[in-house]
Amino acid sequence: MTTYGAGAMTNSIPEIRDADFLFVIGSNTSEAHPIIAMEMKQAVRRGARLAVADPRAIWMTRIADWHLQLAGGTDVWLLNAMAHVIVSEGLEDKEFIAANTENFESVRETVLRYPPEEAEKVTGVPAETIREVARAYATTEKAGIYYTLGITEHTTGTDNVYALSNLVLLTGHLGKRSAGMNPLRGQNNVQGANDAGATPVFLPGYQRVADPEVCAKFSAAWGVEQRPEPGLNLNEMMKAMSKGELRGMYLMGEDIVISEPNVSRVEEAMNEMEFVVVQDIFFNESCRYADVVLPAACFAEKDGVFANSDRRVQRVRKAVEPPGEARADWAILAEVMRRAGYPQPADHGPAEIYAEMASLAPKFAGISHARIEREGGLQWPVTSPTAPSTEYLHKDGILRGKGLFQAVEYRPPFECADAEYPLVLSTGRTLYHYNAGTQTRRSGGLTAKQPEGFVEIHPKTARHLGVADGQLVDVVSRRGRVRCRAMVSRQVRRNSIWMPFHFPEAQTNLLTTDAGDAVTGTGEYKVCAARIEPVAESEAERLFPGSYAAAG
Ligand SMILES: Nc1nc2c(c(=O)[nH]1)N[C@H]1C(S)=C(S)[C@@H](COP(=O)(O)OP(=O)(O)OC[C@H]3O[C@@H](n4cnc5c(=O)[nH]c(N)nc54)[C@H](O)[C@@H]3O)O[C@H]1N2
Ligand SMILES: Nc1nc2c(c(=O)[nH]1)N[C@H]1C(S)=C(S)[C@@H](COP(=O)(O)OP(=O)(O)OC[C@H]3O[C@@H](n4cnc5c(=O)[nH]c(N)nc54)[C@H](O)[C@@H]3O)O[C@H]1N2
Ligand SMILES: [Mo]
């Protein structure tokens with residue numbers, strides 16, 4: 001958003017198969033985005049080259065030409081060193097930079113202080129590999145970057161994205177097919193939620209709350225005063241809760257007592273809340289703190305639209321009736337508004353709600369349920385009913401006007417390994433379960449595939465600690481202690497351990513740090529200091545795996 005003027009994927013998912021170079025960084029694509037990984041596999045089969053930058057030897061590295069197995073949290077060093085190679089070998093696109101960007105000189109000066117040989121010492125990636133990948137990226141016309149949480153879930157998340165964005169601006173791989181800068185979205189409609197203004201800084205269509213003109217427009221349309229004061233993001237809310245400044249909460253499709261970092265602080269604060277509403281399709285873990293639970297209908301039980309990762313707004317259609325008293329989320333919200341004294345038209349549904357949003361947000365002005373029925377999914381911006389869908393962004397110039405180079409300096413993670421906590425703990429996802437596990441743990445098949453939480457440990461570390469594969473261990477950080485089974489695996493770096501966060505019995509987020517990125521507030525889920533303590537297994541635990549959970 002800051003450097004180009006839009007924060008979504010610049011390119012479309014179907015363009016991936018035609019790319020000639022793919023730089024996948026901090027994305028476990030084959031487990032977390034299998035459909036997108038399929039496009040990547042097709043590109044590789046066609047002859048595209050693939051570089052994967054990830055501390056773990058994830059599946060994608062098996063088909064990669066290069067695996068840059070960097071130490072967690074050292075991406076700024078790696079990316080600045082790639083920029084160093086590009087600038088010092090004269091591989092930058094000078095015409096593009098002169099015509100379309102600003103602030104190049106400051107980045108040039110900065111990255112010249114990040115030579116590949118020094119980068120090797122910090123990141124562990126051989127200098128020659130950094131050179132090869134930088135050259136391949138710079139000299140391939142259709143070169144795209146794909147990133148997710150390995151980049152963003154750090155105290156330096158925004159810096160990491162700026163450093164990636166600099167590579168794109170240096171090489172001019174923007175405003176073209178099968179290139180660009182592509183953050184892969186997490187949940188099926190997280191893009192749509194952002195589009196609709198479910199963020200503290202934007203009203204629908206990425207119009208800034210802080211802009212008085214924007215507020216005046218929405219105030220007139222809605223008949224209520226919209227004040228130009230941004231709200232709190234999740235991280236700020238948690239801090240305000242701990243201080244007693246936030247006393248009520250309405251949770252909708254979010255299981256915060258599982259998914260927030262340093263979660264014992266969240267649980268303490270939840271106990272002090274005066275009023276909590278949970279609107280969810282299941283009785284999730286956060287419901288334990290709720291005064292009111294409102295049962296919502298799931299995706300198959302309601303009409304509406306989802307916007308996916310590549311800005312494509314698609315229809316979702318009701319296939320079955322919701323069970324019991326469950327209602328569609330929009331219908332619950334409309335009823336709450338009515339009872340709060342803000343009348344809502346009785347004959348309005350998802351199509352009318354979308355039409356209202358389109359009338360107030362220029363990016364969606366040309367999108368309607370009727371047009372999607374006729375043409376299929378539409379990718380924003382679609383500025384009028386006759387304007388075309390937008391396959392890739394910045395085709396007729398960078399949306400911001402000039403692309404903004406942002407010089408960034410390396411900062412270490414909030415917590416580094418030390419004598420007391422000598423291991424680096426990182427967390428994330430597996431193919432078989434989904435986030436807090438609320439949905440997938442109810443599936444017998446998926447639970448059979450992966451019944452319980454675990455911690456991945458490198459064989460050498462395991463031998464050093466005297467831990468055998470499958471043995472119970474305690475994972476300990478400055479914030480908590482979690483018991484689970486060790487999975488001895490070469491997938492992690494030595495001195496690193498890794499845990500999924502899908503299992504409430506082995507509550508990973510008791511361990512993670514809530515130190516957040518200064519701009520986005522996102523917690524550093526990907527790096528904290530930890531240690532492993534082997535646990536002597538009782539007979540009961542050996543016979544009834546899972547019964548130890550209560551102790552953890
Ligand atoms: N099966 C399944 N699919 C999912 C989800 C799920 O729970 N299960 N969740 C969805 C959601 S909400 C999201 S946001 C996406 C997330 O999708 P991803 O971001 O791909 O998932 P993660 O497992 O969190 O981690 C991403 C990768 O970052 C790497 N990494 C960790 N630290 C660093 C670092 O410092 N630098 C670099 N370069 N890499 C690092 C990890 O080793 C891992 O391979 O997945 C979505 N898809
Ligand atoms: N340690 C660690 N923690 C993490 C992360 C990590 O990588 N490591 N990743 C973070 C990320 S990227 C994310 S996105 C979060 C995810 O964290 P959450 O959003 O808290 O987890 P989900 O399991 O996706 O929760 C979704 C909830 O929505 C409900 N739901 C599903 N469909 C509907 C619907 O149509 N309507 C309503 N009202 N509810 C519905 C489900 O039942 C579930 O309770 O976790 C974060 N936490
Ligand atoms: Mo996510």
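## About the model

This is a predicted model, in which local features need pLDDT of at least 70 and side-chain atom pairs count only at pLDDT 80 or more, while totals for chains, interfaces and linings use all residues. Residues are numbered from 1 along each chain as its sequence is written, chains are lettered from A and ligands numbered from 1 in the order in which they are written, and side-chain values use heavy atoms, with hydrogens and water left out.

## The nonpolar cores

A nonpolar core is a set of buried Ala, Val, Leu, Ile, Met, Phe, Trp, Tyr and Cys residues joined through side-chain atoms within 4.5 Å. Buried means under 20% relative accessible area, exposed over 50%, and partly exposed in between (1.4 Å probe, protein chains only). The largest such core has 50 residues, and Phe21, Phe23, Ile25, Leu68, Ile145 and Leu164 touch the most other members. Helix α3 (residues 75–88) is its top contributor, giving ten residues. Apart from this core lies another, of 38 residues, with Met238, Leu251, Val266 and Ala506 among them.

Helices (H or I, at least four residues) and strands (E, at least two) are DSSP runs, numbered from the N terminus.

Grid points are joined across faces, edges and corners, and a volume is the space filled by probe spheres set on the points.

The count comes to one cavity of 30 Å³ or more, and the largest cavity holds about 110 Å³ of space. Its lining includes Asn235, Lys239, Glu260, Arg265 and Asp514. Helix α12 (234–242) and helix α14 (263–272) each supply at least two lining residues, and α12 gives the most, with four.

## The cysteines

A disulfide is a pair of cysteine sulfur atoms within 2.5 Å, and a search of the whole structure finds zero of them. Cysteine 416 is in no disulfide, and the nearest cysteine sulfur, that of cysteine 528, is 11 Å away. Cysteine 416 is partly exposed, with a relative accessible area of 42%, whereas cysteine 215 is buried, at 2%.

Definitions and conventions
1 Å grid on protein atoms, 1.4 Å probe; cavity = no way out; pocket = protein on both sides within 12 Å on 5 of 7 lines; lining within 4 Å.
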